[in-house]
Amino acid sequence: MRPSKSNVYLIGPMGVGKTTVGSKLAQLIGFEFLDTDHELEQRTGVTVAHIFELEGEDGFRSRETRLLEEIAKCNDRVVATGGGAVLYDSNRKTIRESGKVMYLTASLEFLWDRVRQSTHRPLLHTEDPYSTLKEIHRQRDPIYRGVADHVIEISPTSEKTASRIAEWLNTQDCQ
């Protein structure tokens, strides 16, 4: 079950499970797994929140763009992107041209349950984080849908979601 395009990108909102699903999907299809946020933290030696604090969102997004351009030159990777990676036209173009793009989606209530206690989500450091999450979701959902090759509502388990993605990828290769 190996997709014909070189990489598989997981996009979607914070808290949807891109990292967990991506890791399991990579195992299923025999690809390497990479999480862009984790990779940036490893390369800089600081957290994403710290990058935001020092460089702002634009500085972080610039680093993210350079990383995605680097990844696009590689093959056989499942890539969990940051929730805002698709905000830049250049990033959308890069991921579309170098792989299949899967939009993982879930209800706002599910996402809130997953992120409400998190201290490492810089965009939610506001007076009303639920309203912020809701607004981010409202703004980004059409962008996610526009760039995705396939939209998948997450399953009760990450294994099931990964399996459903692998099955979809396999059907694409048979067409």
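Visitor: In this model, at roughly what angle do the axes of helix α3 and helix α4 cross, and within what distance do they come?

Guide: Two packed helices are described by the angle between their axes and by the distance between those axes. In this structure, which is a predicted model, the axes of helix α3 (residues 48-71) and helix α4 (residues 89-98) cross at roughly 20 degrees and come within 10 Å. Because angles under 35 degrees count as roughly parallel, α3 is roughly parallel to α4.

Visitor: Is the crossing of α3 and α4 left-handed or right-handed, and which residues make the contact?

Guide: The crossing of α3 and α4 is left-handed. On the α3 side the contact is made by E64, T65, L68 and E69, and on the α4 side by S90, N91, T94 and I95. Sorted by class, the residues of this contact of α3 with α4 comprise two nonpolar, four polar and two charged.

Visitor: At about what angle do helix α5 and helix α6 pack, and how far apart are their axes?

Guide: Helix α5 (residues 108-115) packs with helix α6 (residues 129-147) at an angle of about 130 degrees, the axes being 11 Å apart, which makes α5 oblique to α6. The crossing of α5 and α6 is right-handed.

Visitor: Which residues of α5 and α6 make the contact, and how do they divide by class?

Guide: From α5 come L108, E109, L111, W112 and V115, while α6 supplies P129, Y130, L133, K134 and H137. The contact of α5 with α6 has seven nonpolar residues, one polar residue and two charged residues.

Definitions and conventions. Residues numbered from 1 in each chain as written. Predicted model: local features only at pLDDT ≥ 70, side-chain atom pairs only at ≥ 80, totals over all residues. Heavy atoms only, no water. Axes fitted to C-alpha atoms, helices over the stretch in contact; angles between N-to-C directions. Helix = DSSP H or I, 4+ residues; strand = E, 2+ residues; numbered from the N terminus. Parallel < 35°, antiparallel > 145°, perpendicular 65-115°, else oblique. Left-handed = near helix turned anticlockwise from the far one by under 90°. Contact = heavy atoms within 4.5 Å. Nonpolar A, V, L, I, M, F, W, Y, C, P; charged D, E, K, R; others polar.
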